[in-house]
Amino acid sequence: MRKNTVIVIDYGSQYTKLILRRIRENRVYSEIVPVDTPVDKILKMQPAAIVLSGGPRSVYDKDALSIDKRIFEAGIPVLGICYGMQLMAHLLGGKVVPSDTREYGRAEAKFDLNSPLFKGVKSPSMVWMSHGDKVEEVPQGFKIIASTEDTLIAAMGNDEKKLYAVQFHPEVSHTLFGKTILKNFLFKVANITPDWEMDSFIDTKVEEIKKTVGNKKVILGLSGGVDSSVAAALIHKAIGDNLYCIFVDHGLLRKNEGEIVYKTFKEKFGFNLKMVDASKMFLNRLKGVTDPEQKRKIIGKTFVEVFEKEASSFDDAEFLAQGTLYPDVIESSAHGGTSVTIKTHHNVGGLPEKMNLKLLEPLRDLFKDEVREIGRILGLPEEIVSRHPFPGPGLAVRIIGEITEEKIKILQEADYIFIEELRKANLYNDISQAFCVLTPVKTVGVMGDYRTYEYVLALRAVKTEDFMTADWYEMPYHLLKRVSSRIINKVKGINRVVYDITSKPPATVEWE
Ligand code: XMP
């Protein structure tokens, strides 16, 4: 394993991924390790520190997840969070009291500012609680280092052994000094050198890809989105012309999308790139279809069909590359098959299985912001690297109701103006996703001396960390005004513009 790695042992908290992200933000590499990993194996990895995550169980449950307590005796700094704290207390001889009621939400904590864990923290300040059981007695050698009104032992520490634990969640932003606390653990307690640099990641990955692929060929479906673009650039750096990229235009892309991809990857980087215009086929199959799920299914199926056909012309390929990221990996393993389908995301879960290709996923260990950084280092244009996500079915789910060529054109033009204005106002990167939606509603308007009867266009912009929940973006009025007037003046077919002020939940980000 990499030197200076922090291991996070996952007890099933919804925040585990966030812990990892917060650690990596500090340029310290971190990996999640499944809870059933034998302790000898963990010790052999020689982690620089260990974090025990939170989790939904009680240490008294029959199926409680535990850990061999030798983990606390190896001289490795450990931070227990929530369930991780209870586990540490329980295994080291403290006392955990079960509880039927949960303490949930913000609480004001008083901190012992002499503890290295809390250097620079303001006391008292807010922390985020979400727990049932709590620690009632600390194990021998430990001190109480934080308290709230309801929880006397909100944090405990053993300076000599470098074992610390907090009942609250430092990884969530509601804990005001959470970032400082994690930083203190990494740098003041564990004395880790921050050396997780993307340059060195690229070198290591390139070597790894060379070794795995040898002189075989790799196929990659390039969408123009951040993930597939960065995966392509990285693999290309490793194997050059042995990477075959396929770009399928389903006719539901944003304005100039194909052109940007062509200019960047074919003209600038000289990739082996096949551009496939399948828009007629997609639009034919979507004729008369109004149901969103039906649209997704048709597009998903047709996409696989087209891709398979194109890929089969590269019959010497042995690998299929995908830009899968770390959150995709965790989400699909954590929630696989058990959650209710709200929308079927056809490009999550992947491309044809029957193609019999081995998967190559060089970005599997990374978060989106890390992928963007790699893209920049590899010389991809900012236009691609900082791009908002774009759904696989594209504009099909942003044209409410039936899709026609005319509506696609209207939406492309309007969307182009909206995004251009956001970039000009320097707000694009502050927004997680922004786009236009063409509603099927027509309203009356007046232009010059004429009465008009045209479509209503909705603008949507949201801010989110993970797209599971999202807030609508507080767009400056003057910008809304500018976008609206430019769209109405320039885009034929629209005479009214509205702004969507609904968060997710209860709405979703897309309208369909
Ligand atoms: P929702 O609308 O589900 O969107 O709140 C959350 C995120 O997922 C994207 N999205 C999709 N991505 N295929 C995709 O690849 C889809 O069918 C799809 N539907 C929604 C959406 O753009 C947002 O980023």
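This is a predicted model: local features need pLDDT of at least 70, side-chain atom pairs count only at pLDDT 80 or more; totals for chains, interfaces and linings use all residues.

Colleague: Let's begin with the rings. How many aromatic pairs does a search of the whole structure find?

Modeller: A pair of aromatic rings is described by the distance of the centres and the angle of the planes. Two rings pair if their centres lie within 6.5 Å. Searching the whole structure in this way gives a total of 13.

Colleague: Are the rings of Phe303 and Phe307 stacked or edge-to-face?

Modeller: Their centres are 6.3 Å apart, and their planes meet at 10°. Planes under 30 degrees apart count as stacked. The pair of Phe303 and Phe307 is therefore stacked.

Colleague: Which helix holds Phe303 and Phe307, and about how many helical turns separate them?

Modeller: Both belong to helix H9, which covers residues 292–312. Because Phe303 and Phe307 are four residues apart in H9, their separation is about one helical turn.

Colleague: Now another pair. Are the rings of Trp472 and Tyr499 stacked or edge-to-face?

Modeller: The ring centres of Trp472 and Tyr499 lie 6.3 Å apart, with the planes at 75°. Plane angles over 60 degrees count as edge-to-face. So the pair of Trp472 and Tyr499 is edge-to-face.

Colleague: How many residues apart are Trp472 and Tyr499?

Modeller: Trp472 is in strand E19 (residues 471–472), and Tyr499 is in strand E20 (residues 494–499). The pair links distant parts of the chain, with a separation in residues of 27.

Colleague: What is the relative accessibility of Trp472?

Modeller: Tyr499 is buried, at 18%. Trp472 counts as partly exposed, a class that lies between under 20% and over 50%. The value for Trp472 is 31%.

Colleague: Which ring does the charged end of Lys255 sit over?

Modeller: A charge sits over a ring if, among other conditions, it is within 6 Å of the ring centre. The charged end of Lys255 is 4.4 Å from the centre of the ring in question. That ring belongs to Tyr416.

Colleague: On to the pockets. What is the volume of the second largest pocket?

Modeller: Rolling a probe the size of a water molecule over the atoms shows where empty space is left. For the second largest pocket, the volume comes to about 420 Å³.

Colleague: How many charged residues are in the lining of the second largest pocket?

Modeller: The lining has 21 residues, and Leu283 is among the closest to the pocket centre. Helix H7 (257–268), H8 and helix H13 (405–424) each supply at least two lining residues. By class, five are nonpolar and seven are polar, while the number of charged residues is nine.

Colleague: Which residues does Leu283 touch, leaving out those up to four places away in sequence?

Modeller: Leu283 is placed in helix H8 (residues 279–286), and at 18% relative accessibility this residue is buried. Contact means heavy atoms within 4.5 Å. By that rule, the residues touched by Leu283 are Leu252, Ile403, Glu405 and Ile408.

Colleague: One last residue. Is Ser115 buried or exposed?

Modeller: Ser115 lies in the loop between strand E6 (103–111) and strand E7 (125–131). Beyond its neighbours within four places in sequence, Ser115 contacts Ile145 and Tyr164. Its relative accessibility is 3%, so Ser115 counts as buried.

Terms used:
Residues are numbered from 1 along each chain as its sequence is written. Side-chain values use heavy atoms; hydrogens and water are left out. Rings of Phe, Tyr and Trp (its six-membered ring) pair if their centres lie within 6.5 Å; planes under 30 degrees apart count as stacked, over 60 as edge-to-face and the rest as tilted. Buried means under 20% relative accessible area, exposed over 50%, partly exposed in between (1.4 Å probe, protein chains only). A charge sits over a ring if NZ of Lys or CZ of Arg is within 6 Å of the ring centre and within 35 degrees of the ring normal. On a 1 Å grid over the protein atoms alone, a cavity is a set of points where a 1.4 Å probe fits but cannot get out, and a pocket is an open set with protein on both sides within 12 Å along at least five of seven lines; lining residues have an atom within 4 Å of a point. Grid points are joined across faces, edges and corners, and a volume is the space filled by probe spheres set on the points. Ala, Val, Leu, Ile, Met, Phe, Trp, Tyr, Cys and Pro count as nonpolar, Asp, Glu, Lys and Arg as charged, and the others, Gly among them, as polar.
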